[in-house]
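Please report on the fold, the surface and a few selected residues of this protein. Keep it brief.

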Amino acid sequence: MNALKGPFRLMFEDMRMQFYILTSITVALWLFFLVLGMSVDTFMGTLFGPYYGLFAIYPFLVYNKGYVYTLALGGTRKQFLFSMLAASGLFIVICMAVLNGIYQLNTFLLNQGVITTPLFHMGELVGSANPLLYFWVDLLWCVFLFGVSFGINSVWFYFGTVRFLLGLTGVALVVITYLAFADLRTLFTWIVENHLVFLHVIGAIGFAAAALSYVIMKNGPLEQGGERNFFFKNKTVQD
């Protein structure tokens, strides 16, 4: 397989198909909201769900597709990781550009009186109507969703289901204990009053989770749960 070109093409083609499907669903949903808004007063639609869902779910599918196919065709783990992250970053930008384009078109038609259905955007929680800021808000959310999802699935793939569930149980107990004693009102107040800062925090978490995925899987196992040594390469398989 030719360096990064083959793995990247593999990821790109798969995500391009996902993009076509999700964009068609989003446009159909928008048209449905426009029709529904003609007969329902004070109706507000939202369109970010399909795209957000794609980047939250797709990492859980990629190890059954891209990872296996890349290694089977002679690629390496690092090629897979670079290709996956590069293709995903590219498609996050493209998808959010299309999504915000639809939002801006809807706003324009709404201001012209052509339609009567407003759309809710996550950027409205920031308290600004700047289109570039809206685009940036969507990017941060998708980086967070994709990065965390990819990180979770990398840990799951590396350690296997049993060890992953044991670790997840421990984390869940810690979280439940924190929720039982913490003052959540203070946290929610901070999120509301500093929402843009909060978005950058979760975006950084997404980047960190993606970086963790690279650290874990650059010498990862060929199959789920097949690696026992976390810090060193699998000596039985050349990367």
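**Basis.** This is a predicted model, in which local features need pLDDT of at least 70, side-chain atom pairs count only at pLDDT 80 or more, and totals for chains, interfaces and linings use all residues. Residues are numbered from 1 along each chain as its sequence is written, and side-chain values use heavy atoms, with hydrogens and water left out.

**Fold.** The protein has seven helices and zero strands. Helices (H or I, at least four residues) and strands (E, at least two) are DSSP runs, numbered from the N terminus. The order of elements from the N terminus is α-α-α-α-α-α-α. Of the 239 residues, 38% count as buried. Buried means under 20% relative accessible area, exposed means over 50%, and partly exposed lies in between (1.4 Å probe, protein chains only). A contact requires heavy atoms within 4.5 Å. Among contacts with a separation of 6 or more, 79% join residues 24 or more positions apart.

**Helix α4.** This helix covers residues 77–111 and has 35 residues. The expected span is 1.5 Å times one less than the number of residues. Gly 113 follows α4, with a positive phi near 80 degrees.

Helix α1 spans residues 5–39 and holds Gln 18. Thr 26 also has its place in α1. Gln 18 counts as buried because its relative accessibility is 16%. Thr 26 counts as buried too, at 0%. Leaving aside neighbours within four places in sequence, Gln 18 contacts Leu 54, Tyr 58 and Lys 65. With residues up to four places away not counted, Thr 26 touches Leu 47, Pro 50, Tyr 51, Leu 99 and Ile 102. The C-alpha atoms of Thr 26 and Pro 50 are separated by 6.6 Å, although the two are 24 residues apart along the chain.

**Cysteines.** The whole structure contains zero disulfides. A disulfide is a pair of cysteine sulfur atoms within 2.5 Å. The sulfur of Cys 95 has its closest cysteine sulfur in Cys 142, 7.6 Å away, so the pair is too far apart for a bond. Cys 142 is in no disulfide. Cys 95 is buried, and so is Cys 142.

The table lists relative accessibility for the residues discussed here.

| Residue | Relative accessibility | Class |
|---|---|---|
| Gln 18 | 16% | buried |
| Thr 26 | 0% | buried |
| Cys 95 | 1% | buried |
| Cys 142 | 0% | buried |
| Val 175 | 41% | partly exposed |

**Surface.** The accessible surface of the protein is about 13300 Å², and 71% of it belongs to carbon and sulfur atoms. Accessible areas come from the Shrake-Rupley method with a 1.4 Å probe; for residues, only the protein chains shown count as cover. A nonpolar patch on the surface has about 900 Å² of accessible area together. Its members are Val 171, Val 175, Tyr 178, Leu 179, Leu 187, Phe 188, Trp 190, Val 197, Val 201 and Ile 205. Patch residues have over 30% relative accessible area and no salt bridge, and nonpolar side chains (Val, Leu, Ile, Met, Phe, Trp, Tyr) are joined within 5 Å. A salt bridge is a side-chain nitrogen of Lys or Arg within 4 Å of a carboxyl oxygen of Asp or Glu.

Helices α5 (131–181), α6 (184–193) and α7 (195–217) each supply at least two residues of the patch. The most come from α5, with four residues. Val 175 lies in α5.

Methods: Patch = residues over 30% accessible without salt bridge, like charges linked within 9 Å, V, L, I, M, F, W, Y side chains within 5 Å.
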